[in-house]
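Let's take a walk through this structure together. Keep the sequence and the 3D view open while you read.

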Amino acid sequence: MATLLQPALRTASAAEVQPVIRVEDVHKYYDLGETKVHALRGVNLEIAPGEFVAIMGASGSGKSTFMNLLGCLDTPSSGHYYLEGVDVAQLGKKELASIRNRKLGFVFQGFNLLARTTALENVELPTLYARLPKEERLERAKRALEMVGLGERMEHFPSQLSGGQQQRVAIARALVNRPSILLADEPTGNLDSRTSVEIMQIFQDLNDQGLTVVLVTHEADIAHYARRSIVFRDGKIRRDEPVMNRPEAAEVLRTLPTLED
Amino acid sequence: MDFTSILRIALRALARNKMRSILTMLGIIIGVGAVIATVGVGQGAQQQVQNNIASMGTNLVFVSAGSVNRGGLRLGGGATKTLTYDDMKAIVQESPAVASAAPGSSASAQVVFDNNNWYTRVNGTEPQYFDIRSWPMASGTSFTGDDVRTAADVAVLGETVRQNLFGSADPAGQTIRIGNLPFQVVGVLAAKGQSGMGADQDDAIYVPITTLQKKITGQPWLQYIVVSAVSQQASYAAQEQITALLRDRHRIRPGQDDDFQVRNLADVAQLADQSSRIMTLLLASIASVSLIVGGIGIMNIMLVSVTERTREIGIRVAIGAQEADVLKQFLSEAVVMSVIGGAIGILVGAGSSLGISHLLHWPISISPLAVVAAAVFSTMVGIFFGYYPARKAAQLDPIEALRFE
Ligand SMILES: Nc1ncnc2c1ncn2[C@@H]1O[C@H](COP(=O)(O)OP(=O)(O)O)[C@@H](O)[C@H]1O
Ligand SMILES: [Mg+2]
């Protein structure tokens, strides 16, 4: 897999460096008129550069809510979120958009590719919003697609790609602006088990190159591919521990039967 | 984002819903087309009116009997018995700005040849009338000064009358009846078409003034006098001299109203010009209402489109689109539609005004001002009606947008 990441990130060691993500006593309410949903009830968390964190928990435990906060798509009702030491609450809309564009890469369960838009154009989109020159946009989008193994499918539309391929396009899109954090909310939720492991292999490779990865999943065997696992229940962190006996996705793939493609 | 990327994305989005985009543009096409066509046709009509008036001779001055208005009522030409043949002679002799003049009086009458009947206006005048109006004969000759002196029963036909009485037959030397009197046709006038006011000038018969007065109306006074000034500039002087002369001859005291009316053809032209200009303006403003309706159509479709593409907007915002990027994207779709619609509308409007002018034999007139105004206006319609939907798109909450099914 080709290297796409900044050299600085590759040398980051987890211990004494300042955390890339620091969350302090974050609450989130959804105001539904008569009732209030208390989706996050005091979350505290630090994530160091280069970590690979899996967030687990039952449906409705607040995982997606938390990811949306980390992804700067939403703001906490109370508490603080420091991204690379900066309190996100202090930032304006423009700066948040720019952070989403350059610092963060987001991968969704439902892929969220633009329909009737080629893989290459989908991947190019964030570079357009980063206002990169045309040649560099194309160059980067092509490299990102090659990196996820889709060099041959650049001109395909999402409807012409399998679920796993669509998710790779989404990953390429998340990586094209060379972010320092990759956020993925149930990226394998719509995929079969072999394809899920293939996606985890990509994540492990990226993480080995120094990229910080935060992954939401409700499948324990997917969470195993991370280095650290966190469990949410009722809007709070109930468990936070390193992953023991972490498998290498590449190894696992060799043992799995190849179905098609 | 750079301009070409924005344009490309907008065109692509519009191409995805071709039928809808075309129908939406149709509103603008019709609006702009209607503005261009009405202004074009209106100006053509205006030009035509001016040409007609010019063809009557621009140094003409009309004197008609009867005051302009008396107690708010305008009296018809025949209502006053004060304008006389001697007035005409005095005008020619005593007004230095006047070159020549011809007397006139008229009556409506049934005209018969063979089995053909035609109801028309019979005018009595003198031969110089046709010179003053610069109105040549198509065939035959005018009646003569002798005919006037002897009150001869001779007639000159207008083209419309000739057509209706004779069809393809040769009228030269034939005898027609006006009322019960037989008249010999001596000439046919060249076709002159409509007057500045839209009346058919060819629907008339001309006979010697004396014949009309003695044998048809039995009235010795004149209804009008047609005067030609020595030059176009002199026509205003002629107008003043005639007014002074006639007031003196008719013994009208200062402060009293004239019992006649002197009109300069330049004034008539101006009046006609003004009224057709107002008409054009009125039509154009009605047409521009349809442009606004077209704009509302754009707004409507853009609102639908923003709702349909809520998820797309959510994705774009999630990967780092600024509010301004989304705003520009949707605004540019609206503006592209209105600009393309405006361009097509200009072509359609110009084409149809060419067609209409051609059909009516009017001068072709496509106003560059109207084209520029329509282009600017349609662009502004796009910006104005596209802004609200685009702002709505730009301000969508990304989380809500991403949850949208
Ligand atoms: N936009 C929202 N409006 C109202 N309630 C919401 C919204 N998003 C999530 N919730 C509620 O917040 C809680 C946590 O949801 P979520 O973070 O999506 O959980 P998870 O991703 O772990 O399944 C749930 O009770 C859910 O119904
Ligand atoms: Mg969820």
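## Where the two chains meet

Across the interface of chain B and chain A, the rule finds 10 residue pairs in polar contact, both residues being at pLDDT 80 or more. A polar contact here is a pair of N or O atoms within 3.5 Å; within protein, one must be able to donate a hydrogen and the other to accept it, and residues adjacent in sequence count only if both atoms are side-chain atoms.

Which elements of chain B give two or more residues to the side that touches chain A? They are α1 (3-16), α10 (310-318), α11 (323-359) and α13 (398-403) of chain B. Helices (H or I, at least four residues) and strands (E, at least two) are DSSP runs, numbered from the N terminus. With 6 residues, α10(B) gives the most to that side. Sorted by kind, the residues on the side of chain B that touches chain A are 10 nonpolar, 4 polar and 10 charged. Nonpolar covers Ala, Val, Leu, Ile, Met, Phe, Trp, Tyr, Cys and Pro, charged covers Asp, Glu, Lys and Arg, and the others, Gly among them, are polar.

Before going on, keep in mind that this is a predicted model: local features need pLDDT of at least 70, side-chain atom pairs count only at pLDDT 80 or more, and totals for chains, interfaces and linings use all residues. Residues are numbered from 1 along each chain as its sequence is written, chains are lettered from A and ligands numbered from 1 in the order in which they are written, and side-chain values use heavy atoms, with hydrogens and water left out.

In contact terms (heavy atoms within 4.5 Å), 24 residues of chain B meet 24 residues of chain A. The two chains bury about 2,200 Å² between them, 53% of it on carbon and sulfur atoms. In chain B, Arg16(B), Ile319(B) and Ile399(B) lose the most area to chain A, together 27% of what that side buries. Buried area is the accessible area (1.4 Å probe) that two parts lose on being put together, summed over both.

## Salt bridges

A salt bridge is a side-chain nitrogen of Lys or Arg within 4 Å of a carboxyl oxygen of Asp or Glu. The structure holds 25 of them over all chains, and the rule finds 3 across the interface of chain B and chain A. Here are two examples.

| Salt bridge | N to O distance |
|---|---|
| Arg131(A) and Asp325(B) | 2.6 Å |
| Glu136(A) and Arg140(A) | 3.2 Å |

Glu136(A) and Arg140(A) both sit in helix α5 (residues 134-147) of chain A, 4 residues apart, about one turn of the helix.

## The sheets of chain A

Strands of a sheet pair through backbone hydrogen bonds, either parallel or antiparallel. Two strands count as paired if DSSP finds at least two bridges between them. In chain A, 6 strands make an open sheet in the order β6-β7-β8-β3-β9-β10, with mixed pairing. Its edge strands, β6 (104-107) and β10 (236-242) of chain A, each pair on one side only. Inside this sheet, β3 (residues 52-57) and β9 (residues 228-233) of chain A run parallel over 5 bridges, and Ala54(A) stands opposite Ser229(A) in β9(A).

Another open sheet of chain A has 4 strands in the order β2-β1-β4-β5, paired antiparallel. Strands β1 (residues 21-32) and β4 (residues 78-83) of chain A pair over 5 bridges, with Glu24(A) opposite His80(A) in β4(A).

## A stop at Thr38(B)

Thr38(B) lies in helix α2 (residues 18-55) of chain B. A polar atom of the Thr38(B) side chain is 2.7 Å from the backbone oxygen of Ala34(B). Thr38(B) and Ser353(B) are 315 residues apart in sequence, but 7.4 Å apart in space, C-alpha to C-alpha.
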